[in-house]
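Please keep the viewer open and follow the points in order.

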Amino acid sequence: MTLEQLSYEALERRLAREKKARLAAEGLLEKKSLELFQANQDVAEQAELIGRERAVLGAVFDARPAALVLTNSALEVERLNPVARRLFALPDGAAPGQSLPDLLSGSAGFLDWVRARAGAQPEIDDSTVEGFARQASGEEIPVRISCSLIGYNDLRLWIILDIRRHLAAEEEKKVLERSLVQAQKMEALGTLASGVAHEINTPIQYIGDNVSFLQEVCGAVGAFLGAVDGALAAEGEPVSREQLAATLAGKRAELDIDYLLEETPSAIAQSLHGLKQVASIVSAIREFSHPGDTEMTPVDLNAVIDTTLSVTRNSWKNIAEVEHELDPDLPSVLGHAGDLHQLVLNLIGNATDAIAERAPAGGGKIRISTGLERNNVVIRVQDNGTGIKDADRTRVFDPFFTTKAPGKGTGQGLAIVFKIVNVGHGGQISVDSTWGEGTTFTIRLPRSEG
Amino acid sequence: MKGIVFNEFFGLVDETFGPNMTETIIVDADLPNEGGYTGVGHYDASEMQSLVGHLSARTEVPVRDLLLAFGKYLLKSFSRNHANYFQSCSDIFQFAQAIEHQIHVDVLKLYPDAELPRLAPTLESETRLSLLYRSSRHMADLAEGLLLGAIEHYGDTVDLERTDLPDEDGDQVARFTLRRR
């Protein structure tokens, strides 16, 4: 390029352009400097914000009452909070790099769950699992664990809860629940007491009558024997055999001995029957009111139904006829006998109330059957009472739900039944009902093994 | 368009047609800033089209030929001032693939307001690479010149073929195909 070729005016224009370009460049430089300053300010603010967030998150991490552990995808511990350090009884600075599975123990399923959260494609979901935190001393602490990805650097956050207190509370709750069931059973017995008294009173009355009769028999026989002794010991003129026979026959007729001897076996048999009846009712009450074992034991459901029908007889005998078809080969179920008595009692009570409310033509009928379906023992309690409206069917097992008149039902009966079946015995209960025709409750309980 | 491109263009005109031609076309173009461009400033691309148009009119050299020559000239300037980009690639295929994903990314870091063409690369085989050019600036001739300059820079025996495609939403679209011989 040869600027010498340019005219003076052209050179002046070029100089003016250069000046203009320099001014523009200076303006841009100033603008960029300002932008850079502003960017620096922003970076400083962001750094302060990040520092504050880091401090807050660090404090939250350390202050959480749960044990928190951060691991990488190989499940090596990168960071843990003081609670986790205490849970695993680790000295300061000991854990980083340690394998989390090595700090845990439990069932194969538990360890599989933990290991499934390792690697590039971990199984992360909302589930939790229970196992043990293992300390170097060998002590194992029951824990519940959840795991989530924190969305940074493939890190996993493990929340590990020490559940010792929770398990103790659960145990206490179970004891309280058992006490509650027992209290409800005793309450039911109280309600049934007048009926039971009536059931006992009837045999007691005729036993009393029979004993009075036997007392009369004893008196008569004693008097007759006294007459025999008197005749044999009489002094004076000897009497002939015929005269003696006539005297004793007269006394025998006078005391009505033949009639008394004829009636005595029947009075004794009737009394023994009555005593057996009373003994059976007392035995049923004793069995029914027994608090039962805390551990599950094999229970004969047919016997439970028989016992409960005995105890409750007075509550339904004037309302419904009870038919039962109990499978004589029914296997036992593993359960709490007391709870199962309560279950049958509540279902019979429910059926009785439903029939009393409807008063069906042709009389009330409660049909109870037992049987075995696959590995389940099945109890069906069917009645021809009022039935359940469609709208109420899904709510009948809700606590405090009742369709009975105020003061007649607490709404607890079927809720207790549901809890005993589903929670207490791992079974299932279903209800089939037609409004105005009746209801059938079907309960399936797993048979005991062996 | 960045001011550096205008200043490089003036350098080319000074060297090829003499400084008087530069002054003439600046006057002819009646530019808003009277031709005072600063390298990092941002200016309307239509000013370049006007300058090239007036240069073509004064020299009777077709606009396409002028833009091809300017592309080669500009590439030399880039290779001098931004040697690291050229050194990081061993051949034209690597360089062509780095334009969109590395060079343009870095340009936008420094100049967020820069309006760059898109050059989508497809390596069709070991000996064949296509670049789909798309730009609202309608400067495919300049892009072609730049690619020819890059081929010269790497000294590769590569043929460049250009296929003009229909415009899309006002953008000029063309496919450049590079074939190793």
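1. In which sense do strand β3 (residues 158-168) of chain B and β4(B) pair, and over how many bridges? The two strands pair in the antiparallel sense, over 9 bridges. Pairing here asks for at least two bridges found by DSSP between two strands. One place to look is B:V158, which stands opposite B:R180 in β4(B). β3(B) and β4(B) form a hairpin with 2 residues between them, and B:D169 in the turn has a positive phi of about 50°.

2. A word on the ground rules. This is a predicted model, in which local features need pLDDT of at least 70 and side-chain atom pairs count only at pLDDT 80 or more, while totals for chains, interfaces and linings use all residues. Residues are numbered from 1 along each chain as its sequence is written, and chains are lettered from A and ligands numbered from 1 in the order in which they are written. Helices (H or I, at least four residues) and strands (E, at least two) are DSSP runs, numbered from the N terminus.

3. Staying with chain B, β4(B) (residues 171-180) also has strand β2 (residues 128-135) of chain B as a partner: 8 bridges join them, and they run antiparallel. Here B:R134 has B:V173 in β4(B) as its bridge partner. Chain B has 7 helices and 4 strands, and from the N terminus on its elements run α-α-α-α-α-α-β-β-α-β-β. Of its 181 residues, 32% are buried (20 or more other C-beta atoms within 10 Å of a residue's own, with C-beta atoms placed from the backbone).

4. Among the helices of chain B, have a look at α3 (residues 45-59) and α4 (residues 63-81), which pack at an angle of about 115° with their axes 9 Å apart. Axes are lines fitted to C-alpha atoms, for helices over the stretch in contact, and angles run from 0 to 180 degrees between N-to-C directions. B:V52, B:G53, B:L55 and B:S56 in α3(B) meet B:V63, B:L66 and B:L67 in α4(B), where contact means C-beta atoms, placed from the backbone, within 7 Å. By class, this contact has 5 nonpolar, 2 polar and no charged residues. Nonpolar covers Ala, Val, Leu, Ile, Met, Phe, Trp, Tyr, Cys and Pro, charged covers Asp, Glu, Lys and Arg, and the others, Gly among them, count as polar.

5. Where do the chains meet? There are 14 residues of chain B in contact with 12 residues of chain A. On the side of chain B that touches chain A, the elements giving two or more residues are α1 (3-17) and α2 (19-29) of chain B. α2(B) gives the most, with 3 residues. That side of chain B has 3 nonpolar, 7 polar and 4 charged residues.

6. In chain A, start with helix α8 (residues 337-358). Its 22 residues should span 32 Å at 1.5 Å a residue, and its end C-alpha atoms are 32 Å apart, which agrees; the expected span is 1.5 Å times one less than the number of residues. Because 18 of its 22 residues are buried, α8(A) is largely enclosed by the rest of the structure. Just after α8(A), A:A359 takes a positive phi of about 50°.

7. Next, find the open sheet of 5 strands in chain A, with the order β8-β10-β11-β13-β12 and mixed pairing. Its edge strands are β8 (320-325) and β12 (428-434) of chain A, each pairing on one side only. β12(A) and strand β13 (residues 438-446) of chain A run antiparallel and are joined by 7 bridges. A:V431 has A:F441 in β13(A) as its bridge partner. α8(A) lies across β8, β10, β11 and β13 of chain A, running at about 20° to β11(A).

8. Finally, chain A has an open sheet of 6 strands, in the order β2-β1-β6-β5-β4-β3 with antiparallel pairing. β2 (77-80) and β3 (104-105) of chain A stand at the edges with a single partner strand each, so one side of each is left without a neighbour in the sheet. Within this sheet, A:C147 stands opposite A:W158 in β6(A).

Definitions and conventions
Buried ≥ 20, exposed ≤ 12 C-beta atoms within 10 Å, placed from the backbone. Contact = placed C-beta atoms within 7 Å.
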